[in-house]
Amino acid sequence: MKLNKTSYFFLIALLFCIILTGCAEKQVISSKSSGNQEYEQQKIIIEGDIEESKEITVAEMRQLPQKESKCSFQRATGEMEEFHAAGPDFSDVMAHAGIDVKDFKGFGIIGTDGYYCLVTPEIINNREMILALAIDEQLELPKNMRPARLCIIDEFGPYWVRMVDKIILYKDIPKKDITSVWIFNNLAQGIEPYPYEYYGSKDNAIELAQIFSRFDQVEGRAFFTMKSADGFTKNEALSMVNKHYYIKVAGEGAPMNICPNIKLGMNVKHIAWFSTNADAAIFPEQMAELMGEKDFSGIKGIVLKDILEEVQLKGIEEKEFELVGMDGESVTVSGKDLSKGLLHIEDDGNYLVLWQEGTGLQAVDNLLCIRSIK
């Protein structure tokens, strides 16, 4: 049969529609039931700053719009983990539970093993977040991942929480107002290190609770923020790091956060600084790697003002500061003059503060703290 031009174009259009329909009907694997009723009824509990807790099952999450993503991230060990993930968008899961993510300042994601990670609105707004129900085409996740795995595309390993079974909502978290910046090693003087055994290695570690007891003030609902020498930042709720949580100060990856709930590869290695609501502690060697050093008359170090800006101390030039040394010496300096001061790391482990010529300011042999006083 010979087709005229109209019939020919009609058949092409029909074929095109059939192809589109076939594509539209392609079912994302995570939307399929495993057929295991017990597995499908696993729950994620949502609680925190809401009137009553909510819950959503695996079966319910399969009914939501599903996304697929080829995932890869780098663990703290340096290893790359790659897999194919499928599941609903985090915001869609929250919406199904009657929760608008825009109403909250933080989301604590917790696994059944106790591992915790705090996700901020900045991450939600700028990253694709999937609660994976299927990985590498497997409808039933292995036991070390079920009921769901959080996948945050383009984020580092510590955010990829396994075995997600609880989400804590935070409506109001006290804003940071950093007023004191401490040299960690000097602040920790006199604290007996704990020989923490971690994956075959025993290294000295300092319990954070003992460090917090030496801070000026600690607000229990604040964010605990860590930043590594390579620029990676991780937030946690302060209440989650107050017990049995350590900073490993020796051995591979140090300074590094460790606790029983942090699995290998989910740590923040080479921490440059961390902060609570009002205090920050720095590791100068890692700060130098993070920020770079400058040269004052042939001596290299980190500019004091740059340190305070890095740990997010605000309004520096309008304030006055007290620099306190380990021997009790004290120097009062204006915020404007901090750009003329240098923190120099000496070979003997001291942290010397020097000034540009002409300031008339006294050097500090081994800095303990920079504290805002006005």
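User: Is Glu81 buried or exposed?

Analyst: Start with the idea. Buried means under 20% relative accessible area, exposed means over 50%, and partly exposed lies in between, using a 1.4 Å probe and protein chains only. Glu81 has a relative accessible area of 16%, so Glu81 is buried. This is a predicted model, where local features need pLDDT of at least 70, side-chain atom pairs count only at pLDDT 80 or more, and totals for chains, interfaces and linings use all residues. Residues are numbered from 1 along each chain as its sequence is written, and side-chain values use heavy atoms, with hydrogens and water left out.

User: Which residue forms a salt bridge with Glu81?

Analyst: A salt bridge is a side-chain nitrogen of Lys or Arg within 4 Å of a carboxyl oxygen of Asp or Glu. Here the partner is Arg149, and the closest N and O atoms are 2.9 Å apart. The two sit in distant parts of the chain, 68 residues apart: Glu81 in strand S4 (residues 80-88) and Arg149 in strand S9 (residues 149-152). Strands (E, at least two residues) and helices (H or I, at least four) are DSSP runs, numbered from the N terminus. Arg149 has 0% relative accessibility, so Arg149 counts as buried.

User: How many salt bridges does the structure hold?

Analyst: There are 17. Take Lys248 and Asp203, whose closest N and O atoms are 3.3 Å apart. Lys248 is in strand S16 (residues 246-248) and Asp203 in strand S13 (residues 201-207), so this pair ties together parts 45 residues apart in sequence. Lys248 counts as buried at 2% relative accessibility. Asp203 counts as buried at 14%.

User: Where do Arg371 and Asp216 lie?

Analyst: Arg371 is in strand S26 (residues 367-372), and Asp216 is in the loop between helix H7 (208-212) and strand S14 (223-228), so the pair ties together parts 155 residues apart in sequence. Their salt bridge has its closest N and O atoms 3.2 Å apart. Arg371 counts as partly exposed at 22% relative accessibility. Asp216 also counts as partly exposed, at 40%. Salt bridges can link up too: Lys67, Asp89 and Glu128 form a network of them.

User: How many residues are in the largest nonpolar core?

Analyst: In soluble globular proteins, nonpolar side chains tend to be buried together. A nonpolar core is a set of buried Ala, Val, Leu, Ile, Met, Phe, Trp, Tyr and Cys residues joined through side-chain atoms within 4.5 Å. The largest one has 78 residues, and Phe90, Val119, Ile211 and Phe274 have the most contacts inside it. Strand S7 (residues 129-132) gives the most to this core, with 4 residues. A second, separate core of 28 residues includes Leu313, Trp355, Leu367 and Ile370.

User: What is Phe90 in contact with?

Analyst: Contact means heavy atoms within 4.5 Å. Leaving aside neighbours within four places in sequence, the partners of Phe90 are Val101, Phe107, Ile109, Ile124, Met129, Leu131 and Ile167.

User: Which residues does Gln286 touch?

Analyst: Gln286 lies in helix H8 (residues 284-291). At 13% relative accessibility, Gln286 counts as buried. Not counting residues up to four places away in sequence, Gln286 touches Ala229, Ala254, Pro255, His270, Ile271 and Ala272.
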